[in-house]
Amino acid sequence: MNMRCNNARRFLSQAMDEQLPPEVTRQLDEHLDACRDCRDFREDLVLGRRLLDATEPSLPENFDWRLQLRLNQALQHAAGETAYPWLEDKPQRRDWAGRFTTAAAFGLAAVLALAMFIGPVDRTVSVGSGQVAGFRGTLPVTARVSDRLPLTRNTRSPLTRPRGIQHSVSRSLGLGEGSPDAAFALDRGWSGNHLEDLMTIQELRLRNQRLNNQLYQYQREIALLREQLDRPDSNGLDLGQ
Amino acid sequence: MNLSREEHPHGSPSAARADLAGIRDEDLIVMVQEGNRRAFDELAGRYKGRLFSFTLRMVKDPVLAEELTQETLIRVYIHAAKYREIAKFSTWVFTIATNLVRNKMRQRSRRPQLLSLNPAPADDEIPLDPADPVADPSEEIQRRELAVVINEATAAIPEKYRIPFLLREVEQLSYEEIQQVTGLKLGTVRSRINRARNRFRQLVKPLLRDETLLAELEMIEARVAQQKDSPS
């Protein structure tokens, strides 16, 4: 036995592919007859090849159809035409146009958000419930808020400022005329004189109270009329005429 | 370029296919050079399975393997005029495929792997054969399971050894053809195939002593032989 195992195993690979000269093949066969390990090695190589053959993957479904489609596209492309325009990539917008659109959209969104935040809000806020003398039941008391309470110093109402009275007195005495606060008040429809404005507010509050009282009266009458209607022996409405 | 298929002088398409079936690859590509689309279809039919098998075992991704196979065949058609019969047609085709595979693998190694919420099919999702009422589903599952193991083992072989190994073992190209496809020296081709075989043997060795697996292998081989004998 002239051949060593490591040489024999190297030649085995070539022998499988019929690449060995006859003389080396003969020596290899002699070695294999005598060496069980190298025979097992050869069996393993043959089994490996069989495994590869047995597990050959199948082509995906519709392979031929997709090939024809791609080939037609490639040919049309090569001819300078568009085979399937809907499958082509959409042309890219120019960069500046895209950026401008994005910036404009963001700007508009920011303006809208700011307007929603500081602009007038008309909503009804429930502030509690009250009991009206001579009326059974609870009447809801609501207040109509036609303006969001200002959050910043410049937009704060003169009434909500802690130093409002002192400030209005100084204004009524003609002090601080032409200040930014005065200009702000004039812009918003106030007189610029805080004392006058306080009186106006007081009048408005009294008027509001009167209207509320009137409303309660109407509601009370309605309730009495309903009670009258709900009675079993009621023949109709007694309008007191 | 006229894309319509030309009328075959011998009549029906099946008759045309039967006529083309006996023609050598090298003669068919000459017909393709003359604009014969049927000749290309015949060549594509001969090579699509082999190319898909090779590319799938190289890239391990069925979708990408299909894309590379189609790209190879399209290049064959588009660049048919560049083929000269100084090499076998199979050598030319696999040179194109090998270059495409190498480029793709190089691109993949450069780019970071992105995780997708809709990942590519795993090895156990290799497409099945079209529905075959005669085939036994359990046998197909066994074949798929075995294919997963074999594909894993193949993928574990370093790329520089894997290309000549697959060209030899799967595509059955000669050493000289592999030399032309890869551009390697003949001695290098020989030693790389030898190394790849040894590596593959080490990887699948635990399976080789499994009698159940060997029985499955024989069943699969018998079925494949049966299919070859009676193609429907």
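User: What is the count of residue pairs in polar contact between chain B and chain A?

Analyst: There are 17 such residue pairs between chain B and chain A, both residues at pLDDT 80 or more. A polar contact is a pair of N or O atoms within 3.5 Å; within protein, one must be able to donate a hydrogen and the other to accept it, and residues adjacent in sequence count only if both atoms are side-chain atoms. A word on the source: this is a predicted model, where local features need pLDDT of at least 70, side-chain atom pairs count only at pLDDT 80 or more, and totals for chains, interfaces and linings use all residues. Residues are numbered from 1 along each chain as its sequence is written, chains are lettered from A and ligands numbered from 1 in the order in which they are written, and side-chain values use heavy atoms, with hydrogens and water left out.

User: What makes Glu71(B) and Arg70(A) a salt bridge?

Analyst: Good one! A salt bridge needs a side-chain nitrogen of Lys or Arg within 4 Å of a carboxyl oxygen of Asp or Glu. The N to O distance here is 2.7 Å, so the pair qualifies.

User: How many residues are in contact between the two chains?

Analyst: Contact means heavy atoms within 4.5 Å, and by that rule 50 residues of chain B touch 37 residues of chain A. Together the chains bury about 4300 Å², 60% of it on carbon and sulfur atoms. Buried area is the accessible area (1.4 Å probe) that two parts lose on being put together, summed over both. Gln70(B), Arg197(B) and Arg201(B) supply 12% of the area chain B buries against chain A, more than any other three residues.

User: Why are H8(B) and H9(B) called roughly perpendicular?

Analyst: Their axes, lines fitted to C-alpha atoms over the stretch in contact, with angles from 0 to 180 degrees between N-to-C directions, cross at roughly 100° and come within 9 Å. Angles under 35 degrees count as roughly parallel, over 145 as roughly antiparallel, 65 to 115 as roughly perpendicular and the rest as oblique. The helices are therefore roughly perpendicular to each other. Among the residues making this contact are Tyr175(B) of H8(B) and Leu186(B) of H9(B).

Notes
Helices (H or I, at least four residues) and strands (E, at least two) are DSSP runs, numbered from the N terminus.
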